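User: Pick one part of this model and take a close look at it. Then place that part in its wider setting, with the cut-offs stated as you go.

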Amino acid sequence: EKGILYVVGTPIGNLSDISSRALNILENVFLIACEDTRQTKKIMNKYGISNRLISFNQINCLSKIPEIISYLKDGNSIALVSDAGLPGICDPGEELVRETNKNNLDTICIPGPCAALTALVSSGLPSSKFIFEGFLPKKKSLRDKALFEISKNEKTTIFFEAPHRLKQTLKGLKEFCGGEREIKVFRELTKKFEEHIGFNIDEVINYFEKKEILGEFTIVLKGINADSKDEMNMSILKEELYELTNAGLSLSAASKYLAKKNNLPKSMIYSLH
């Protein structure tokens, strides 16, 4: 159709995981806006598709959006693809879709693979309710804060991790969640060397201890059991106590507040200082 932005899901690894509908769109639109033209060409070469490609990524998206909007207003259809999976998830595609909507132009999603959901349904962890965190912050203080919040989630949490930060993240998860928390780490989903690793955090840490870490990782973490005080991790309470006293509350007042909040003896909280 004319003047439509097609958000097209592409494979997250195995190039056979693309729909015939997606291939039809890629072949017939006016142009394809892609995160990395080299990655998109792999799909096009495999399926014999020839079309115009333009780069649309985190670096140039702000300058490219007006150009794409102009094409759409002129009645041209455009496909948006990312390097892998659904555009708009942890990439600048969301900015383009937002601008398209602001200009009363139509956006149609052509569904496709998604690493987060592929990992979730393969994990065996509760999937009726979940939280997706994308990539964690790089700065340690912000990263620790994110891990602390994740450790308190009652729902299953999914996030991505780069190979060079995986060990640091696993150690952080152990600090905030304890070593027994259930976890599944997925490497190279849908690719030749796909791996599903671990049952709990300690097991995953041991697995990677002496391994060279390569590939792309998706992590699925079980939520905390709100009905069981035995599963409450003392490191979480210690962190909360630190934050409250650091904000100006006295140790006694902070301990009293946390004790009431968690239905625990004040003396137990106080001893964490």
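Analyst: Buried means under 20% relative accessible area, exposed means over 50%, and partly exposed is in between (1.4 Å probe, protein chains only). Helices (H or I, at least four residues) and strands (E, at least two) are DSSP runs, numbered from the N terminus. The model is predicted: local features need pLDDT of at least 70, side-chain atom pairs count only at pLDDT 80 or more, and totals for chains, interfaces and linings use all residues. Residues are numbered from 1 along each chain as its sequence is written, and side-chain values use heavy atoms, with hydrogens and water left out.

The part to look at is helix H2, residues 37-46. Thr-40, Ile-43 and Met-44 are buried there. These residues sit on the same side of H2, because they span an arc of only 95 degrees around the axis. That arc is taken from the directions that run from the helix axis to the C-beta atoms. Arg-38 and Asn-45 are exposed, on the other side of H2.

What covers the buried side? The cover includes helix H1 (20-28), strand E2 (31-34), strand E3 (53-55) and strand E4 (78-81). Contact here means heavy atoms within 4.5 Å.

Now the two ends of H2. At the start, a side-chain oxygen of Asp-36 comes within 2.9 Å of the backbone nitrogen of Arg-38. This is a polar contact (a pair of N or O atoms within 3.5 Å; within protein, one must be able to donate a hydrogen and the other to accept it, and residues adjacent in sequence count only if both atoms are side-chain atoms). Just after H2, Gly-48 has a positive phi of about 65 degrees.

Ser-77 lies in the loop between helix H3 (61-73) and E4. With 11% relative accessibility, Ser-77 counts as buried. Leaving out residues up to four places away in sequence, Ser-77 touches Glu-1, Gly-3, Ile-4, Tyr-6, Asn-28, Val-29, Phe-30 and Leu-31.

Next, a sheet elsewhere in the chain. Five strands form an open sheet in the order E6-E7-E10-E8-E9, with mixed pairing. Strand E6 (130-135) and strand E9 (195-197) are at the edges; each has a single partner strand, so one side of each has no neighbour in the sheet. On average, neighbouring strands are turned by 15 degrees against each other, direction ignored. Two strands pair if DSSP finds at least two bridges between them. E6 and strand E7 (residues 156-161) run parallel and are joined by four bridges. Ile-131 has Thr-157 in E7 as its bridge partner. Helix H5 (residues 115-123) packs on this sheet and touches E6, E7, E8, E9 and E10. The direction of H5 makes about 50 degrees with that of E10. Axes are lines fitted to C-alpha atoms, for helices over the stretch in contact, and angles run from 0 to 180 degrees between N-to-C directions.

Charged pairs come next. The structure holds 14 salt bridges (a side-chain nitrogen of Lys or Arg within 4 Å of a carboxyl oxygen of Asp or Glu). In one of them, Lys-140 meets Asp-144, with the closest N and O atoms 2.7 Å apart. Both residues lie in helix H6 (residues 140-151), four residues apart, about one turn of the helix. Lys-140 is exposed at 51%, whereas Asp-144 is partly exposed at 22%.

Another salt bridge joins Lys-222 to Glu-182, at 3.4 Å between the closest N and O atoms. This pair links distant parts of the chain, 40 residues apart. Lys-222 is in the loop between strand E10 (217-221) and helix H9 (234-246), and Glu-182 is in the loop between helix H7 (166-177) and strand E8 (183-187). Lys-222 is partly exposed at 30%, as is Glu-182 at 24%.

Lys-191 and Glu-188 also meet in a salt bridge, 3.7 Å from N to O. Lys-191 is partly exposed at 29%, but Glu-188 is buried at 16%. A network of salt bridges links Glu-149, Lys-152, Glu-240 and Lys-261.

Finally, the whole. The protein has 11 helices and 10 strands. Of its 273 residues, 46% are buried. Its C-alpha atoms fill a box of roughly 70 × 40 × 30 Å along the principal axes. Among contacts with a separation of 6 or more, 67% join residues 24 or more positions apart.
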